[in-house]
Structure formats: structure tokens, C-alpha cells
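Reader: Hi! I am new to reading protein models, and I would like a close look at one part of this one.

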Amino acid sequence: MKSAVIVFPGSNCDRDVQIALRRSFGSEPAMVWHGDEDVPDADLIVVPGGFSYGDYLRAGCMAAHSPAMREVVKRAGAGVAVLGICNGFQILCESGLLPGALMRNAGLRFVCRDVHLRVENTETVFTRGYAGGEVLRIPVAHHDGNYAADPETLSRLVNENRIAFRYCDMGGDITEDANPNGSAANIAGILNEAGNVLGMMPHPERLADAALGGTDGRAMFEALAGKIAA
Amino acid sequence: MKIQVHVTLKNGVLDPQGKAIERALSGLGFDGVNDVRQGKFIELEVAENDPEKAKAAADEMCRKLLANTVIEDYRIDLG
């Protein structure tokens, strides 16, 4: 199994992802500079967090049009698994791989803390290492994580079981208080129609090693590495 | 030709920054200020001199990059 990480000017979670992938995949991920259209063959492409292009114009918007992302869009269409984390989620929305948009947090503050997520769909290459309804503790660190989409898109996401994670309280209840950024329907992560593209605001790579204070994120990388039976 | 593009959040999309500005104005004693909406203003110079063509090009620029039409509307003025 091979993986790749796209690196933009302003990415700052690329090396955390690199370490998580190295550990789960047992191979070195290819680190691909954004200006490079030549993305090596990979079973998984990660678009990492950070502040690509300084969030100019809109978070993720410049990066979405980079040469490497044009190739990522093609690969996603061919069925390759693509994971966008935080700024990566914003980039996937801006590139059209995922519906909707990520707006400024409703509270206007940068939110940087652990949140709880409820796993809503375990039938994906990303989430099959989790139990349905399992509550994870994963950090968020963002200013623009307020997921918005028109009502038709939101009901499609629900009806097609494309909400992967929702913000919840410690007990797994979906409450307004547990929503750190005002996201519609407490959405923390969504899938594309084919289920091979996941965008999420929380950072699973930041809790993928006991030395970091938790391992709730690790099962995602283990599942993607094919270590968890489908 | 100069083109001016105004990008604003769609009606119905909550604008927390606009709300914060509204509260700040009220705090400064400006009463009766409502529905503050914050947007972006982008000015560009294009080589095209035909207004129709310039406007069509700007429209494509807005759809592809300058605005996110999921949440934003845009208005194009030729200068």
C-alpha cells in the first residue's frame, strides 16, 4: 500500500500526517509539492491541514487550483481514496470534490481544542476501524470550519449516509453546545457520492500515537492501510 | 478596462462578521443600524476593451475563482 501527501506553501500538518502514514502503511509516503502535476501512484492521497497560500481570498481556494490538486481531482474520479483534513477539507470543497463550503466559525474565534465526534458511517475505507456510534476524541484547530450547504445538499448528505462524523458531547449526543463552529447539522466530516473522498475538520493525525495523548485517530490510518478487514 | 467585483454572502447565509460589526457600531452609539453584511471588493484591469466581452470574462472569473457560489453572490461593475 502506497500513500502520498500534497504539500502547499503554508501547510503545517503535512509532517504529522507523514508520521501517521509511515507508521500505519509501513512505507514512506510520497511528499508531493503543490506545483508538481506528477503525483506518484498511491492508494491514498492526503490533503493536509494548515493555511495554504495564507488563506488568501478564501481558505483553500488558491490550493484547489494548484497543478497537484488538478491531478488529485482526476485520481479521485478514478476511485483513489482522498482524505482532506482541516484546510484539506476546505480545499476539497473548493475543488468541487465535496459539496458545500466552510465558512468563518460562528463564534468568530479560532477554535483549538479537543472535541468529540460520533462516527455516523462505518461502511467506508476511512471509518471501518470504528464502531457505529463510537465517540472519538480528536482535536480541532481552525478559524473556518463552519460547514454550510443548501438544504437540498444537506438532505442528500443525510439520505445517502454521507455524513461520516458529527460533533457530539462526551456521551455521544448531538447538541448545540457540542458544536464548536456552527456547522450545519453538527457536521464534522462528509463523504463524496462514491465514498472514496472524505473531508473532515478535526485532525486524526494529531491523536494517532500514545505519545501525543491519545490514539483515537489511529484506526483511520490503520483502516486505510488495509490493516482492518472490510 | 477596469473591472470592479463585489462579493457578498448570499441572502439567508448568516454573516457572523457582519453581526459583530453591527454590535460594534451600536456600541459606538450609532443607533438604528441593521443588517450589516461584510463582503469583498476586488478591482482588476483587463486588456479587453469591449464591455460585453470584459463582463463575460469577469463573470467566468467570478464563477471559477473570485466567488464561492455555494455561499456568495457577486456583482460586476465596469469602470
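Reader: Where is the place of A:Leu57 in chain A?

Author: Happy to walk through it with you. This is a predicted model, in which local features need pLDDT of at least 70, side-chain atom pairs count only at pLDDT 80 or more, and totals for chains, interfaces and linings use all residues. Residues are numbered from 1 along each chain as its sequence is written, while chains are lettered from A and ligands numbered from 1 in the order in which they are written.

A:Leu57 sits in the loop between β3 and α2 of chain A. Helices (H or I, at least four residues) and strands (E, at least two) are DSSP runs, numbered from the N terminus. Although A:Leu57 is not a glycine, its phi is positive, at about 65 degrees. A:Leu57 counts as partly exposed because 17 other C-beta atoms lie within 10 Å. For that term, C-beta atoms are placed from the backbone: a residue with 20 or more others within 10 Å of its own is buried, one with 12 or fewer is exposed, and one in between is partly exposed.

Now look at A:Asp55, which is found in the loop between β3 (44-47) and α2 (67-77) of chain A. Phi of A:Asp55 is near 60 degrees, again a positive value in a residue other than glycine. With 18 other C-beta atoms within 10 Å, A:Asp55 is therefore partly exposed.
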